[in-house]
Amino acid sequence: MPLFFLLSGISSFYSLKAQPAGQYLGNRFRRLAVPFVFGTLVVLVPVQVWVERISHGQFQGSFIEFYPRYFDGFYAFGGNFAWMGLHLWYLEILFVLTLLTLPVLLFLKKEGPSRIISGMAGGMEKYKATFLFGVPVWLMEFLVSLQPDGAGRRDFGGWSALTYLVVFVLGFILASDSRFRTAIARTRTASLILAFLTASLIFVFPPDLSSFGPVIKSPASLFLRSFNSWFWLSAILGYGSTYLNFSNRLLTYSRTAVLPFYDSPSDHHCRRRFFYL
């Protein structure tokens, strides 16, 4: 899931570069909020909850008979209404992050912050210090672990929503200077090796698993998991920018055909530009 949010941050950079903030929010509303609301209220999620209730012997009857009861109470709190959209939760969280981070993203585009980001990019390209991007992920994971039943809940894809926020902003920063991409491409092999190494060490310091995802209390587990995630992200982006910077008729068609309601054509173009530049 961190990869999806990282790519979404990259898309946001190019979207805000090509259009004003109001149009950016409008596009995100149509591509995220509309399918989420439709799926949660009308057809997809209600059917899923109905099937679950039928299979667990908690309801008998057709979907038409169940639908009025779908709005009785909140799912996960004894009711039926799946306010989080069940497997559509990504759309909900991404839209919320879009709203929350817009002021931050617009601030990062200003001259002063842009100079700071440019200096960071130059340093990372020179010293190949792309591992530093794992530090904010680790710090956020440490902070949310202080509230395991609050901000630290990892119900959605095994990570806290606040950690996804950090990864989203990191994606925006990565796209803002081509030297970040150059550094990531140059360190792709080292990132892959470190990804396997930290993944192996996680077996030594494993997180506790619950029905709501990992519960991480050990500082060693927090550190390993955070940097392992970043090493995988860095390796994927590094190898992708090196070996997947091409297009053909099949890819052109696929970019239009896949997830047409979740991503706009401009979003596909934005992510493609990251690998090309």
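This is a predicted model: local features need pLDDT of at least 70, side-chain atom pairs count only at pLDDT 80 or more; totals for chains, interfaces and linings use all residues.
User: Where is L86 found, and is L86 buried or exposed?

Analyst: L86 is found in the loop between α4 (63-66) and α5 (89-108), and its phi, near 50°, is again a positive value in a residue other than glycine. Buried means under 20% relative accessible area, and L86, with a relative accessible area of 14%, is therefore buried.

User: How should I read a pair of aromatic rings?

Analyst: Such a pair is described by two quantities, the distance of the ring centres and the angle of the planes. In this structure a search of the whole model finds 25 aromatic pairs. One of them joins F71 and F81, whose centres are 5.8 Å apart and whose planes make an angle of 25°, and this pair is stacked. Both F71 and F81 lie in the loop between α4 and α5, 10 residues apart.

User: Which of the two, F71 or F81, is buried, and which is partly exposed?

Analyst: F81 is buried, with a relative accessible area of 17%, whereas F71, at 41% relative accessibility, counts as partly exposed. The two rings also belong to one aromatic cluster, which is formed by W50, F63, Y67, Y70, F71, F74 and F81.

User: At what angle do α1 and α11 pack, and how far apart are their axes?

Analyst: Helix α1 (residues 2-18) and helix α11 (residues 219-243) pack at an angle of about 55°, and their axes are 10 Å apart. Angles of 65 to 115 degrees would count as roughly perpendicular and those under 35 degrees as roughly parallel, and α1 and α11 are therefore oblique to each other. The crossing in which α1 passes α11 is right-handed.

User: Which residues make the contact, and how do they divide by class?

Analyst: From α1 the contact is made by P2, L3, L6 and L7, and from α11 by S229, W230, L233, I236 and L237. Sorted by class, the contact of α1 with α11 has eight nonpolar residues, one polar residue and no charged residues.

Methods:
Residues are numbered from 1 along each chain as its sequence is written. Side-chain values use heavy atoms; hydrogens and water are left out. Axes are lines fitted to C-alpha atoms, for helices over the stretch in contact, and angles run from 0 to 180 degrees between N-to-C directions. Helices (H or I, at least four residues) and strands (E, at least two) are DSSP runs, numbered from the N terminus. Angles under 35 degrees count as roughly parallel, over 145 as roughly antiparallel, 65 to 115 as roughly perpendicular and the rest as oblique. A crossing is left-handed if the near helix is turned anticlockwise from the far one by less than a right angle, and right-handed if clockwise. Contact means heavy atoms within 4.5 Å. Ala, Val, Leu, Ile, Met, Phe, Trp, Tyr, Cys and Pro count as nonpolar, Asp, Glu, Lys and Arg as charged, and the others, Gly among them, as polar. Buried means under 20% relative accessible area, exposed over 50%, partly exposed in between (1.4 Å probe, protein chains only). Rings of Phe, Tyr and Trp (its six-membered ring) pair if their centres lie within 6.5 Å; planes under 30 degrees apart count as stacked, over 60 as edge-to-face and the rest as tilted.
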